[in-house]
Amino acid sequence: MEECGIIRLYDCTLKEVLGDQMVRFTGKKNRIARRFGVNIFGRTRNPLLHKSNPPGQHGARRRKKSDFGASLEEKQKLKAIYGMLTEKQLVSYYKKSLQTVGNTAHHFAQMLECRLDNIVYRLKLAPTIFAAQQLVSHGHIHVDGKKVDRRSFQVKPGMVISVKEKSRNNKIIQEAIESPMRTVPDYLSQDTAHFSGQLLALPMVEQMPWPLEINLPEICDFLAHTT
């Protein structure tokens, strides 16, 4: 049963209401970044500059983790990278990847990477993954010219993602596009003049710009034994 501190920090601060748009993380994001020792959400103000140690009274002391604890933390890293996904969402993606012919771990990662909110973030149409989630949920994003407000929508190669015309004067979107802090991955093409971009091909795991190292096979093995 997942009742340790790290799980409580992640899952029990989620406001879950029926519907994909209404699941959002309401916890302290800087604590998550400090937990993993990296600016995992790409925030402009790096939370590690002020406090570099993990959160907690004894944060400076890093305890040796058990095999279960190490695998659990790998899973939590992956959930955090994609905007603090819920356990239910992560397990659902894993089960779908099992039904696909080929490498389960690669299909699992591709489904996470091709979520609409993540593609919006990768295209620099939003400054953070959480801002991307909000843009999608509020109807600011179009896919092939049609509004899509479902964050978990799976983007397919060839689809064009764009900001609707009335939202293009949004200061946050403009600053995100012009920011030199991030680059657009090779599997995406960006059209800054039209506030849009396109998924060129399904990304390989080595192309995914994760902010920290992830042991994907270990996560899949962990999910296989705990779900």
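Author: A crossing is called right-handed if the near helix is turned clockwise from the far one by less than a right angle, and left-handed if it is turned anticlockwise. Helices (H or I, at least four residues) and strands (E, at least two) are DSSP runs numbered from the N terminus.

Reader: Good, and what sort of model is this?

Author: It is a predicted model, in which local features need pLDDT of at least 70 and side-chain atom pairs count only at pLDDT 80 or more, while totals for chains, interfaces and linings use all residues. Residues are numbered from 1 along each chain as its sequence is written, and side-chain values use heavy atoms, with hydrogens and water left out.

Reader: How many helices and strands are in the chain?

Author: The chain has nine helices and seven strands. Of its 227 residues, 49% count as buried, where buried means under 20% relative accessible area, exposed over 50%, and partly exposed in between (1.4 Å probe, protein chains only).

Reader: And what share of the contacts join residues at least 24 apart?

Author: Taking contacts between residues at least 6 apart in sequence, 59% join residues at least 24 apart; a contact here is heavy atoms within 4.5 Å.

Reader: Let's get to the packing. At what angle do helix 4 and helix 5 pack?

Author: Helix 4 (residues 87–98) packs on helix 5 (residues 104–113) at an angle of about 130 degrees, and their axes are 8 Å apart. That value makes helix 4 oblique to helix 5. Axes are lines fitted to C-alpha atoms, for helices over the stretch in contact, and angles run from 0 to 180 degrees between N-to-C directions; under 35 degrees counts as roughly parallel, over 145 as roughly antiparallel, 65 to 115 as roughly perpendicular, and the rest as oblique.

Reader: Left-handed or right-handed, when helix 4 passes helix 5?

Author: The crossing of helix 4 with helix 5 is right-handed. From helix 4 the residues that meet the partner are Leu90, Tyr93, Tyr94, Lys96, Ser97 and Leu98, and from helix 5 they are Thr104, His107, Phe108, Met111 and Leu112.

Reader: How do helix 4 and helix 9 cross?

Author: Their axes come within 11 Å and cross at roughly 100 degrees, helix 9 being residues 216–226, so helix 4 and helix 9 are roughly perpendicular to each other. Glu87, Leu90, Val91 and Tyr94 of helix 4 make that contact with Cys220, Leu223 and Ala224 of helix 9.

Reader: And helix 5 with helix 9, what is the angle there?

Author: Helix 5 and helix 9 pack at about 95 degrees, with 9 Å between their axes, and they are therefore roughly perpendicular to each other as well. Ala105, Phe108 and Ala109 of helix 5 touch Leu216, Ile219, Cys220 and Leu223 of helix 9.

Reader: Changing topic, how many salt bridges does a search of the whole structure find?

Author: The search finds six, a salt bridge being a side-chain nitrogen of Lys or Arg within 4 Å of a carboxyl oxygen of Asp or Glu. One of them joins Glu87 and Lys79 at 3.0 Å, N to O, and Lys79 counts as buried because its relative accessibility is 1%.

Reader: Asp117 and Arg115, are they buried or exposed?

Author: Both Asp117 and Arg115 are buried, and they form a salt bridge whose closest N and O atoms are 3.0 Å apart.

Reader: Which helix holds Glu175 and Lys171?

Author: They pair in a salt bridge at 4.0 Å, N to O. Glu175 is partly exposed because its relative accessible area is 45%, whereas Lys171 is exposed at 60%. Both residues lie in helix 8 (residues 171–178), four residues apart, about one turn of the helix. Elsewhere, salt bridges that share partners join Lys75, Lys79 and Glu87 into one network.
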